[in-house]
Amino acid sequence: MIQTLQVLIIDDNRSDRALIIRELQREFPQVEFTEIINAGDFELAISSGGFDAVVTDYQLRWTNGLEILRTIKAYYPRCPVIMFTGTGNEEIAVEALQSGLDDYVLKQSNRYIRIPPAIRIALNRLETQQRASLLEIRLQTLLNQVKVGIFRSRPDGTLIETNPAFLELFGIKSLGQANEMNLLDTQNCYARLVHLPPPQHQEREVQLTRSDGTQFWGLLTTTLNIIEGISVIDGLLEDITERKQTEIILEARVQKRTAQLNAVNQELSSANQDLEEFAYSISHDLRAPLRAIQGFSQILLEDLDGSFDSTSLEYLQRIAVNAEKLDTLITDLSAYSRLRQADIQLESVNLSLVLTEALTLLELDILEQQAQIQVDEPLPLVRGNRLVLVQVLTNLLSNAVKFVASDVLPQVRVWAEQRGQQTRFWIEDNGIGIPSERQQQIFSPFTRLHGEEEYPGTGIGLAIVRKGVERMNGEIGVVSQLGQGSRFWLELPTVMEQS
Ligand code: ADP
C-alpha cells in the first residue's frame with residue numbers, strides 16, 4: 001500500500017490545478033502534488049520519478065496530453081494516467097486509451113469529482129495486477145522447482161504447457177520437441193477419462209520412453225478439466241522407477257522364497273509319505289515274527305508250565321504281555337497307514353447305527369470300567385464313510401471311558417447339534433481333562449500325555465481319528481480343561497432326509 005500518494009498535476013491553468021488538488025485532498029488523506037507547467041518541469045519529473053499517478057490536461061501550451069501519456073508510459077508503464085480535458089473529441093479519447101490511458105474525464109464543472117475515483121480505480125487495478133503477477137511469479141518458481149512433472153494437454157495429446165521437470169523426465173529441451181514425440185498416450189488416456197464418473201480423474205503406473213530410448217516408470221495422474229468451455233487434461237508425472245525396481249526385486253525374492261518353501265514342503269511331505277509307507281511295511285513285516293513269539297511263548301506257558309521256576313515263568317509272561325502290546329501297536333499303525341492310503345467312498349451314514357456298532361466293540365471296556373453312556377437321540381444322517389466313522393467313534397469313546405481318575409466311574413454323554421449344513425457330533429466325558437496347550441498335539445501320532453502304567457495306549461488313536469475325519473472332509477476339535485473332563489467334537493456335512 002502507498003503511504004503518501006504522489007501525484008503529478010499537468011495543467012497550464014492554475015485554477016484547474018487547484019480544483020483537482022482540492023478534489024484529491026478530499027478523497028486521499030495523505031497526498032502530495034507536483035505541479036507541472038512547462039517542458040522543463042516535466043523532464044525533471046520524468047528523470048527523478050517517485051510519483052504514483054498522473055493527472056494531465058489534453059490541451060497544453062508546450063505539448064499535448066497524448067505526448068505526455070506516451071512519455072510517461074514509456075518510462076513508467078504501470079503508472080496510472082488520467083486525462084482531463086475540455087475537448088470532448090472521441091478520436092483523441094480512443095487514441096489515448098489505446099496508448100494506455102487509464103481514464104478520461106471531461107473538464108466540466110461537475111466532473112472534477114470523477115478524478116479521485118478514477119485514480120483510486122486505476123491504483124486498485126494496478127495493485128491487483130501487481131499481486132497477480134507476484135502470485136504468478138511465485139507459482140512459476142514453484143513449478144520450476146518441483147521434481148514432479150506437471151503438464152496441461154489438449155485431449156488429442158498436444159501439450160499446451162509443461163514445467164521443466166516434465167521435460168527433464170523425458171530428457172528433452174522444449175515443448176516443441178515434446179510435441180514431436182508422442183510422450184504420453186494422452187489420447188488413450190482421454191478416451192478412458194471421459195468414461196469415469198466426475199471428477200474424471202485417474203492414476204496409472206506407466207512405462208515411458210525417454211528421448212534417448214531408455215525407459216522409466218512413471219505415476220501418471222490425469223484429470224479432465226473444462227476451461228472456458230474447452231476440455232483439457234491436467235496431469236502430474238512422477239518418476240517411480242526406483243520404487244518399481246525395488247518392488248520387482250522384492251517380488252522376485254518373494255517368488256524365489258515361495259518356490260524354496262514349496263520345495264521344502266514337497267520334500268517334507270514326500271519324507272512324511274516315505275515314513276508312513278515305511279511304518280506300514282515294517283508293521284506288516286513285523287507281524288510274522290511277532291506271531292511266532294506270541295505263539296511260542298503261549299505254547300511254553302500252556303504246555304510246559306510245571307517245568308519252569310518262578311523267575312523264568314515271570315519272564316515268559318512278560319514276553320507274552322509285551323508281544324501283545326507290540327501287536328496292538330502294529331494294528332494301530334496299520335490302521336493309520338491304511339486310512340491314509342485307502343480309497344474312501346463317501347455315503348450317507350446313520351450316526352445312530354455307527355454309534356451302536358462302536359459301543360458293541362467297546363462292550364467289554366464299558367463293563368469293566370462300569371461306565372455310563374448316555375446318548376441323546378435322535379442322531380442325524382451325515383455324509384461320511386461307515387467303517388471309518390466306526391473306527392473314529394470307537395477311538396473317541398474308548399478314550400472317554402479310559403482317561404478318568406482312578407476313583408471315578410466314567411460318565412459319557414453323546415449328542416449331535418445342527419450347525420448350518422453341518423452336524424457337530426459331541427462326546428463329553430467326566431475324565432481327567434487335557435491342558436489347553438497340549439490340545440493340538442494330542443492329534444499327532446505317538447503323542448501321549450501319560451505314562452504307560454497309568455493309562456495304557458499307543459498314542460495313535462487320535463491320529464487315526466484326525467486322519468479319518470480329514471479323509472471324510474470333516475473337522476475335529478476338543479474343548480477341555482485339566483481336571484474338568486473333555487468334550488471332543490467332529491463335524492461332517494448333514495444329509496437331509498427325504499420325506
Ligand atoms: P492313546 O489313547 O493310545 O494314549 P490317543 O492318540 O488316543 O492315544 O490319545 C493321545 C493322548 O491324548 C492320550 O495319551 C491322552 O493323554 C490324551 N487324551 C485322549 N483322549 C483323552 C480324554 N478323553 N481325556 C483326557 N485325555 C485324553
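Visitor: Is the crossing of helix 11 past helix 13 left-handed or right-handed?
Guide: This is a predicted model, where local features need pLDDT of at least 70, side-chain atom pairs need 80 or more, and totals for chains, interfaces and linings use all residues. Residues are numbered from 1 along each chain as its sequence is written, and side-chain values use heavy atoms, without hydrogens or water. Helices here are DSSP runs of H or I, at least four residues, numbered from the N terminus. With a crossing called right-handed if the near helix is turned clockwise from the far one by less than a right angle, and left-handed if anticlockwise, helix 11 passes helix 13 in a crossing that is right-handed.

Visitor: How are helix 11 and helix 13 set to each other?
Guide: The axes of helix 11 (residues 351-361) and helix 13 (residues 386-402) come within 9 Å and cross at roughly 55 degrees. Under 35 degrees is roughly parallel, over 145 roughly antiparallel, 65 to 115 roughly perpendicular, and the rest oblique. The two helices are therefore oblique.

Visitor: And which residues of helix 1 touch helix 5?
Guide: Helix 1 (residues 14-27) and helix 5 (residues 115-145) pack at about 55 degrees, axes 8 Å apart. On the helix 5 side, the contact (heavy atoms within 4.5 Å) uses Ile 115, Pro 116, Ile 119 and Arg 120. From helix 1 come Ile 20, Glu 23, Leu 24 and Glu 27.

Visitor: Over to the ligand: how far is the Asp 429 side chain from a ligand nitrogen atom?
Guide: Asp 429 is among the residues that come nearest to the ligand. An N or O atom in the Asp 429 side chain sits from that nitrogen at 2.8 Å.

Key: Axes are lines fitted to C-alpha atoms, for helices over the stretch in contact, and angles run from 0 to 180 degrees between N-to-C directions. A residue is near a molecule or strand if one of its heavy atoms lies within 4 Å of it. A polar contact is a pair of N or O atoms within 3.5 Å; within protein, one must be able to donate a hydrogen and the other to accept it, and residues adjacent in sequence count only if both atoms are side-chain atoms.
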